[in-house]
Amino acid sequence: MSDEVNPWELLVLAEHAALEAARFIVERRPADLGVAETKSSPTDVVTEMDTGAEQLIRKAVLERRPDDAFLGEEGGADSGASGVRWVIDPIDGTVNYLYGLPAFAVSIGVEVGGTTVAGVVAAPRMGEVYTAVHGAGAWCNGAPVKVRPATGLGDALVATGFGYRAERRQRQGEIVRALLPQVRDIRRGGSAALDLCAVAAGRLDGYFERGTHAWDCSAGGLIATEAGAVVGGFHGAEAGEPMVIAAPRGTFTALHDALVALGADVPDY
Ligand code: IPD
Ligand code: CA
């Protein structure tokens, strides 16, 4: 049954749901927005808006596709019979959102039979909506996006992110400290989805992070890939929780090898 699903139709629905959620989180953001709960550490926050936005997305999808499955940062996993799964981060960059910084986004990736075929990352305070369809390309506000030409590490502007647990952050800090003299500079934007979109749009030479979840990278990973990036993990592994590296091929290799030389591939953090 999943063979008959049209990725373009999934993209239209994903974009519709993402824009509805994006409007909700911007227009309904309480002036005194507070932290509703914390997750993996006291700084891994969820606001009432994260939860509300994910509910809106699920409702929009279920109205049209009642047999689909879901994996959401706030709502967890729900199975479905259609072979289509929606991977949702209702607000990626929650801490930016909480502090009034503009780099946050609604991220929705759509899988058919386990392959991500459509994705949308909507960043309402940046006025940008990134989209991609597997095998067809990636766009920002409807205009095609493309990665920068590959570069040596010394010329590379590289973004990364840090997890919420102190022990992981300590090791991530050590790796960044050792990498810093080898690259043009480092950025920490605060949204993995938007970091991947920035690679796609040629605003970064590369991005890497250990400890992201499927919902952080589902849509952004497709967008970066479709824009010409290699998106993967260490030693030929697929991108995933142990590591996501995204960059044009030559930059990917240089960044990958530098991280391995620093022992970032040893999973002790
Ligand atoms: C986080 C952001 C951040 C990344 C973290 C993610 P959240 O997602 O993407 O940039 O460094 O690993 O957990 O908590 O804002 O949805
Ligand atoms: Ca996230």
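This is a predicted model: local features need pLDDT of at least 70, side-chain atom pairs count only at pLDDT 80 or more; totals for chains, interfaces and linings use all residues.
Residues are numbered from 1 along each chain as its sequence is written, and side-chain values use heavy atoms, with hydrogens and water left out.

The largest pocket holds about 750 Å³ of space; a pocket is here an open set of points on a 1 Å grid over the protein atoms alone, where a 1.4 Å probe fits and protein lies on both sides within 12 Å along at least five of seven lines, and lining residues have an atom within 4 Å of a point. The volume is the space filled by probe spheres set on the points, which are joined across faces, edges and corners. Of its 36 lining residues, Phe162, Gly163, Tyr164, Arg188 and Glu209 are the closest to the centre. The lining comprises eight nonpolar, 12 polar and 16 charged residues, where Ala, Val, Leu, Ile, Met, Phe, Trp, Tyr, Cys and Pro count as nonpolar, Asp, Glu, Lys and Arg as charged, and the others, Gly among them, as polar. Because domain 1 (7-144) and domain 2 (153-261) both contribute residues to this lining, the largest pocket lies between them; the domain bounds come from an automatic or database assignment.

The second largest pocket, with about 590 Å³ of space, is lined by 21 residues, of which Thr116, Cys217, Ser218, Glu238 and Ala239 lie nearest its centre. Helix α6 gives the most to this lining, with six residues; helices (H or I, at least four residues) and strands (E, at least two) are DSSP runs numbered from the N terminus.

Two aromatic pairs are present, a pair being rings of Phe, Tyr or Trp (its six-membered ring) with centres within 6.5 Å, and with planes under 30 degrees apart counted as stacked, over 60 as edge-to-face and the rest as tilted. The rings of Trp8 and Trp139 are tilted, since their centres lie 5.9 Å apart with the planes at 55°. Those of Tyr97 and Phe104, with centres 5.0 Å apart and planes at 70°, form an edge-to-face pair, and both residues are buried (under 20% relative accessible area, with exposed over 50% and partly exposed in between, for a 1.4 Å probe and protein chains only). Arg29 lies over the face of Tyr97, at 5.3 Å from the ring centre.

Note on methods: Chains are lettered from A and ligands numbered from 1 in the order in which they are written. A charge sits over a ring if NZ of Lys or CZ of Arg is within 6 Å of the ring centre and within 35 degrees of the ring normal.
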